[in-house]
Amino acid sequence: MSAAGLWPPRPYKGLAKYSRADAALFVGRGMEVETCAKRLLPSRLSLFILHGLSGSGKSSFLQAGLLPHIYGIPQCRYFRAPASRNREDPTVFQSGRAPLKALADAIWALTGGLEDKELREAARLGKRSLEQFAIHTSANHRRMFRSLERLSAALPDKLFFVIDQAEDVFPSDGCASSDQSEFFNLLALLSNVTLDLKLLLGMRSEYKARFDEELSARDVDLSSVNSYYLNPITEDGIVDAIVRPTMRESVAWYHETLPPPWEHYRFDYQKGLAQVICTDLLRSADPSSWLPVLQVICEIGRASCRERV
């Protein structure tokens, strides 16, 4: 396979987040990925919270770092939805103000891939349309649990859902919805009942205390809940992210060896420039904007290099 077929089309993402298709370019977070995975993987855990500052790269960390790492561990049998650059992974989604509706959408998409019609209809609780299914399960957390239970039984591997930007569960006007209340009731139920499922919630750190309060107000088994705080990326991590597309050596990536990224992207930095960019970034920008600003600067610089060529 050519280098073009293994490396993402763009070496930098600008303001977009990294996806699983961009995982080969995601660097600078290796230790954090391993530490987070060790906390997440124990079988007794059903709920896991990843939190960090706004702009710290939580979404990219989840999709391009943590998930590929977990899926690459041979002994971990997590269900893996097919991934491509043109198709979203239904197991990873944003909560919005109606998290159970978002979860219903994900379940409906997953069950569409089940070949056994009876199993598919059982997981969909006999509903004939997504609208009917979403209304039915969003109104009662026990119905949603029943659907998850049947879907879990129908799949060969453990279910693993990632709900990103889970802080959106809390509306800005402060008015709690019935969907929000039923969502936390579902989390409490999942913490107390053995089910072949793990739910990861990504959120900004300033919302974690409020999330914890909602959980503690219910009969949550805290032994089945854990969390990880994602620190701002280090200086070395920033430099690694800058120079990764310019490497002229083959890259060992999980169980594969990728060709040198330079063969695909065909650009270089002057010696020491990456460190200069990093130093200026750390001096002039707030930690919450390090990664977005870095990606935009590098993308603009690469584009100008290509224009000069």
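I count a charge as sitting over a ring if NZ of Lys or CZ of Arg is within 6 Å of the ring centre and within 35 degrees of the ring normal. By that rule, arginine 124 lies over the face of tryptophan 108, 3.7 Å from the ring centre. I also found the charged end of arginine 248 over the ring of tryptophan 262, at 3.9 Å from its centre.

I noted the ground rules: this is a predicted model, local features need pLDDT of at least 70, side-chain atom pairs count only at pLDDT 80 or more, and totals for chains, interfaces and linings use all residues. Residues are numbered from 1 along each chain as its sequence is written, and side-chain values use heavy atoms, with hydrogens and water left out.

**Aromatic pairs**

I pair rings of Phe, Tyr and Trp (its six-membered ring) if their centres lie within 6.5 Å; planes under 30 degrees apart are stacked, over 60 edge-to-face, the rest tilted. My search of the whole structure gave 11 aromatic pairs. Phenylalanine 93 and phenylalanine 161 have ring centres 6.2 Å apart and planes at 70 degrees, so I logged them as edge-to-face. They link distant parts of the chain, 68 residues apart: phenylalanine 93 in strand 2, phenylalanine 161 in strand 3 (residues 159-164). Helices (H or I, at least four residues) and strands (E, at least two) are DSSP runs, numbered from the N terminus.

Phenylalanine 170 and tyrosine 207 also have centres 6.2 Å apart, but their planes are at 10 degrees, so this pair is stacked. Are these two buried or exposed? Buried means under 20% relative accessible area, exposed over 50%, partly exposed in between (1.4 Å probe, protein chains only). Phenylalanine 170 is buried at 5%; tyrosine 207 is partly exposed at 22%.

**Serine 95**

I found serine 95 in the loop between strand 2 (92-94) and helix 4 (99-111). Serine 95 is buried, at 3% relative accessible area. A polar atom of its side chain lies 3.3 Å from the backbone oxygen of glutamine 165.

**Positive phi**

Leucine 125 has phi near 55 degrees, positive in a residue other than glycine. It sits in the loop between helix 5 (117-123) and helix 6 (130-138). Arginine 266 also has a positive phi of about 55 degrees and is not a glycine. I placed arginine 266 in the loop between helix 11 (262-265) and helix 12 (273-284).

Terms used: Polar contact = N/O pair within 3.5 Å; in protein donor to acceptor, adjacent residues only side chain to side chain.
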